[in-house]
Structure formats: C-alpha cells, structure tokens
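Okay, thanks for coming, everyone. Let me put the structure up and we'll walk through a few parts of it.

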Amino acid sequence: MSTPDIIALFSGGLDSILAAKVLERQGLSVRCLHFITPFFGSAKAVPYWHNVYGLDIVSRDVSEAFAAMLRQRPEHGFGKVMNPCVDCKILLLREARKYMESVGAAGLATGEVLGQRPMSQRRDTLHLIMRDAGVAGILLRPLSATHLPPTQMEESGLVDRTRLLSFSGRGRRDQLDLAAELGITEIPTPGGGCRLTEKENARRYWTVLTLLPEASGEDFALANLGRQFWHHEDGRHYWLCIGRNSADNDKLAAAVRPGDLLLRLRDLAGPMALARCGAEWPRPVLESAAAHVASYAPKALAHGGAVAVRARQGMEDESAVDLDVLPQRLGEAWGETPWDDVKAVIRAEARERFAAMPHGRVTDRDAAENQDPS
C-alpha cells in the first residue's frame with residue numbers, strides 16, 4: 001500500500017466525500033479513514049463506498065476510546081440529546097493523527113463546513129477542536145479553507161490553496177452543485193447517522209453508562225440490540241436484552257461474554273434473550289427474566305400453561321438449566337427508563353459541571369443553548 005499525501009476523515013456523508021474529491025482533483029493521494037463505534041460507523045459499508053465513489057478507504061474501531069470518554073463525561077458537554085460532538089471530533093482527530101504518523105502522510109482533512117452546525121462548527125469551536133486534538137497546522141478543511149488560516153500543507157505548496165473552497169453556513173446548495181460538477185450522482189442523505197442524537201438510543205446508552213461500573217464498547221453495542229429491560233433489586237441492577245427477530249437473535253448469540261446467559265424456549269419457537277452476567281443472578285431473578293422472555297413468544301402464550309426456558313452460557317453449553325415458568329409480561333419488574341427521566345439527569349449533571357468550570361469555554365452551557373426544548 002503506497003504512502004498517501006493526506007488522510008481524510010470519512011463518515012460516508014456528502015461533505016466527507018467532497019473533501020476527499022476536492023483534494024484528489026489536485027492530483028493528491030488521499031486515503032479516507034472511517035471510524036467505527038457502537039454509535040456510528042460501518043465496516044460493512046466500506047467496500048460499497050469504495051465501489052460507488054472510487055475512494056481509498058480504511059476503517060478503524062475506536063469503540064473503547066469512545067466508551068472511556070463517555071465514562072469520564074465529555075469535557076465540552078452534550079448536544080441536544082447525548083451527542084458529545086466537540087469531544088467526539090477531538091477524539092477522532094487524535095486517533096487520525098496517530099494513523100497519519102504511522103503511514104507517513106503529511107496532514108489531515110475533514111469535510112467540516114464553517115457555520116454548518118451550531119455547536120461544533122462555529123469558528124471558535126473549529127479552532128478549539130484543532131488545538132485540543134493537537135492537529136494545529138496539519139488539519140485542512142477543504143470546503144471552507146479560504147475562510148480559515150492556511151495550513152502547513154498549503155504553505156509548503158503540497159496543496160494549492162487557490163483551488164480550495166469557501167463554503168459556509170447551513171445550506172447545502174453549494175455542496176450539491178459541487179457534487180454534480182464532480183459527477184457524483186449518489187447523494188447520501190443528510191443527518192450524520194449518529195445514534196447518540198436519537199432519544200430512543202440515548203435512553204438506552206445512558207442507562208448502560210450510569211448503571212454499569214465500567215461500561216465498555218461491547219456494552220454499548222449490546223444496547224443497540226432488540227428490546228432492553230432492567231430490573232433493580234437490593235442495590236443491584238440486572239440487564240436483559242430480548243431479540244425482536246432472527247437477526248437480533250443471531251447478534252445476541254454472538255454477543256455473549258463469559259458469565260452471560262442465553263435464554264430461549266426449549267420446546268417452542270420464540271425470541272433469544274441475553275442476560276448480561278446472568279450466571280451470577282439469583283434464581284428468582286432468573287426465573288422472572290425467563291417468564292418475561294417467554295411472554296414475547298406467541299406460541300408460549302397460546303400454550304396456556306408453564307413452558308420451559310433454557311438458560312445456558314453460549315450456544316454450545318451442555319450444562320444448561322431449564323426454568324419452568326408461566327409466560328408473563330412483568331412490566332413492574334423489567335422496565336425501561338423513560339427519555340424524560342434520562343434527560344433530566346443529563347441536564348442536572350451539565351449544570352453541575354458548568355458551575356464548576358471557568359467561563360468562556362465550549363462546555364455544557366453551549367450544549368444547553370442548542371437543546372431541544374421538548
């Protein structure tokens with residue numbers, strides 16, 4: 001694999017595609033770097049993007065670094081939901097610099113557009129992100145470059161600044177016109193694709209973040225699967241995930257870690273469920289979970305009596321335990337935290353952090369100004 005001139009952070013969105021193409025149009029060798037976490041990114045999409053857009057793309061999983069940032073709480077706060085946009089960009093740029101140095105590239109590029117996003121793409125915030133990520137002088141934003149100071153790549157002559165662009169603001173007309181000029185006919189839908197911006201997902205993630213002592217990337221990935229339920233008893237928290245369909249069932253089976261239990265009806269068709277750390281659960285809690293799982297199987301409900309739910313550690317476990325239970329929807333025992341409750345806790349934490357911080361920084365106060373009042 002040849003040494004690229006520039007590493008371009010690549011989300012799969014239109015702006016990242018255009019940024020790479022603008023640099024390629026100058027004859028530069030651009031390698032796109034696509035990051036993967038439980039909240040965004042898709043390794044499976046990389047071959048598709050390569051075929052459609054003709055770009056050199058590699059992917060890197062930064063799930064654990066992202067999970068650590070969430071555990072510590074993002075220094076610059078959350079956006080409208082649970083999206084730590086500023087800290088996310090800082091983290092990804094730090095990781096991108098490591099990759100850039102490992103392959104010997106001259107600099108980095110992103111598809112950011114000045115003023116496009118109110119929290120993370122203001123002029124002051126763009127500067128802050130560049131400074132805190134340690135990429136000052138080596139980060140080029142080709143779509144808005146003429147509004148920003150020149151980078152080392154421009155000053156050295158590697159990149160022709162006169163051929164860079166001056167996009168700004170929230171409109172997309174300039175981007176769409178450039179896409180047409182470049183012959184790009186497949187236009188990704190706007191929105192970013194970050195699950196942390198969606199209330200339903202954030203409700204799940206916040207529960208994992210606050211109830212597990214060391215929530216990992218694997219834990220957040222599990223929170224994406226199926227139906228999510230929690231039971232609280234004697235100061236302990238029990239996490240149950242129930243598949244909605246065969247695809248969920250397969251993913252739950254693949255997500256098992258040592259100490260987890262898989263629950264499934266022994267004699268009837270029905271959903272797969274994963275009990276995180278279920279091997280340590282008291283028998284009554286496990287039976288309650290089994291009854292709740294069985295309640296999502298129509299054939300178990302039609303059976304009209306007790307059914308056997310098999311609990312085992314992995315698909316090949318021969319020391320399985322059968323639990324005879326009545327299928328019951330135990331909503332009083334196995335519930336989900338409403339978004340409004342989660343939102344209140346996030347806001348309270350933000351106020352406490354802001355009160356303890358110096359003024360004049362991009363923090364939760366900036367995030368609060370962009371909150372969805374609903």
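I'll go through a strand, then the cores, a loop residue and a pocket.

Quick housekeeping: this is a predicted model, so local features need pLDDT of at least 70 and side-chain atom pairs count only at pLDDT 80 or more, while totals for chains, interfaces and linings use all residues. Residues are numbered from 1 along each chain as its sequence is written, and side-chain values use heavy atoms, with hydrogens and water left out.

Let's start with strand β1, residues 6-9. Strands here are DSSP E runs of at least two residues, helices are H or I runs of at least four, and both are numbered from the N terminus. In a regular strand, side chains alternate between the two faces of the sheet. In β1, Ile6 and Ala8 sit on one side, Ile7 and Leu9 on the other, and all are buried, meaning under 20% relative accessible area with a 1.4 Å probe, protein chains only (exposed is over 50%, partly exposed in between).

Who are the neighbours of β1? Strand β2, residues 30-36, runs parallel to β1 and is joined to it by 4 bridges; pairing takes at least two bridges found by DSSP. Isoleucine 7 has arginine 31 as its bridge partner there. Strand β4, residues 107-109, is also parallel to β1, over 3 bridges, and alanine 8 partners alanine 109.

Now the cores: sets of buried Ala, Val, Leu, Ile, Met, Phe, Trp, Tyr and Cys residues joined through side-chain atoms within 4.5 Å. The largest has 56 residues, and Met82 and Phe220 have the most contacts inside it. Helix α4, residues 85-103, gives the largest share, 9 residues. Apart from that core lies another, of 31 residues, including Ile6 and Ala145.

Next, leucine 164, in the loop between α6 and α7. Is this leucine buried or exposed? Leucine 164 counts as buried because its relative accessibility is 6%. Leaving out residues up to four places away in sequence, leucine 164 touches, among others, Val22, Leu140 and Ala145, where contact means heavy atoms within 4.5 Å.

Last, the second largest pocket, with about 700 Å³ of space. Its lining counts 24 residues, with Ala221, Leu222, Asn224, Leu225 and Lys251 nearest the centre. Helix α9 gives the most to that lining, 4 residues. A pocket here is an open set of points on a 1 Å grid over the protein atoms alone, where a 1.4 Å probe fits, with protein on both sides within 12 Å along at least five of seven lines; lining residues have an atom within 4 Å of a point. The volume is the space filled by probe spheres set on the points, which are joined across faces, edges and corners.
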